[in-house]
Amino acid sequence: MKNRKRNLAIFFSCIIAIIIGAISFIVINYSGTEHIKDKTKYEKVFLNASWSYNYSDIEELTESSDLIALIDVKSENLSSELQAGIPMSTYTARVSESVYGCENGENVDIVMTGGITNNKLYEIKDDPLMNEGDQYLIFATKNYDGTYTILSGSQGRFSFENGKISSLNESNEQVKKYNEFSNIHVKAENKTNFINKIKEFLR
């Protein structure tokens with residue numbers, strides 16, 4: 001009888017340990033990200049960035065890219081975990097039109113500097129964080145873990161609205177204010193014409 005009770009005690013202890021382990025796994029893996037619908041409720045803190053390179057034109061962006069695509073931002077995980085003291089966040093986007101290095105309908109993960117920590121929203125002032133539902137044409141490089149980083153912050157990200165492509169320093173007031181020295185300025189160019197121009201550079 002004692003052995004039976006002891007075996008039952010060991011069995012239930014193992015079950016409890018498994019449950020606690022599973023709960024710990026969930027907490028560890030999901031406490032570092034936040035699914036945010038409304039960023040306006042957070043105090044915004046600007047980060048400064050010194051981009052390593054200022055691309056001269058669309059041709060140079062094209063030649064430096066591992067992926068070029070028109071994307072729809074589907075989800076955002078705004079990290080509260082810090083890397084070298086800076087929050088980094090990941091966006092999942094669907095490729096609505098592939099130009100280079102991907103397939104239509106493919107999902108890609110895009111890493112950006114910024115996130116939410118201590119109830120504050122951190123972002124680079126000339127490279128604002130994206131939002132769910134945004135549409136962009138991006139020029140990106142592939143990271144070792146399979147994620148992507150947009151080239152030179154906002155320089156490699158173009159807004160797509162009403163069939164028109166614009167660089168963010170023309171379409172976004174915040175970027176227009178803080179990224180006046182970019183070599184690339186595109187204002188309301190026809191999407192098809194713009195993509196055809198990129199394809200010419202790829203030949």
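Serine 159 counts as buried because its relative accessibility is 7%, where buried means under 20% relative accessible area, exposed over 50% and partly exposed in between, with a 1.4 Å probe and protein chains only. The model is predicted, so to speak of local features requires pLDDT of at least 70 and side-chain atom pairs count only at pLDDT 80 or more, while totals for chains, interfaces and linings use all residues. Residues are numbered from 1 along each chain as its sequence is written, and side-chain values use heavy atoms, with hydrogens and water left out.

Serine 159 belongs to strand 10, residues 157-161. Helices (H or I, at least four residues) and strands (E, at least two) are DSSP runs numbered from the N terminus. The side chain of serine 159 makes a polar contact of 2.8 Å with the side chain of serine 171. A polar contact is a pair of N or O atoms within 3.5 Å; within protein, one must be able to donate a hydrogen and the other to accept it, and residues adjacent in sequence count only if both atoms are side-chain atoms. Beyond residues up to four places away in sequence, serine 159 touches Gln135, Tyr136, Lys164, Ile165, Ser166, Leu168 and Ser171, contact being heavy atoms within 4.5 Å.

Stepping back to the whole chain, five helices and twelve strands are found. Of its 203 residues, 39% are buried. Among contacts between residues at least 6 apart in sequence, 63% join residues at least 24 apart.

Glutamate 123 sits in strand 7, residues 120-124, and counts as buried because its relative accessibility is 3%. A polar atom of its side chain lies 3.0 Å from the backbone nitrogen of leucine 129. Leaving aside neighbours within four places in sequence, the contacts of glutamate 123 include Lys44, Val45, Phe46, Leu47 and Gln174.

What about the nonpolar interior? In soluble globular proteins, nonpolar side chains tend to be buried together. A nonpolar core is a set of buried Ala, Val, Leu, Ile, Met, Phe, Trp, Tyr and Cys residues joined through side-chain atoms within 4.5 Å. The largest such core has 24 residues, and Leu67, Ile71, Ile110 and Ile138 touch the most other members. Two or more residues each come from strand 3 (67-79), strand 5 (86-100), strand 6 (107-117), strand 8 (135-142) and strand 9 (148-150). Strand 3 gives the largest share, five residues. Apart from this core lies another, of 17 residues, among them Val99, Phe160, Ile165 and Ile184.

The structure holds one cavity of 30 Å³ or more, and the largest cavity has a volume of about 40 Å³. On a 1 Å grid over the protein atoms alone, a cavity is a set of points where a 1.4 Å probe fits but cannot get out, and lining residues have an atom within 4 Å of a point. Grid points are joined across faces, edges and corners, and the volume is the space filled by probe spheres set on the points. Residues lining the largest cavity include Ser154, Gln155, Leu168, Val175 and Ile184.

Two loop residues complete the picture. Asparagine 118, in the loop between strand 6 and strand 7, has a positive phi near 55 degrees although not a glycine. Asparagine 162, in the loop between strand 10 and strand 11 (164-167), has a positive phi of about 55 degrees and counts as exposed because its relative accessibility is 77%.

How values were computed: On a 1 Å grid over the protein atoms alone, a cavity is a set of points where a 1.4 Å probe fits but cannot get out, and a pocket is an open set with protein on both sides within 12 Å along at least five of seven lines; lining residues have an atom within 4 Å of a point.
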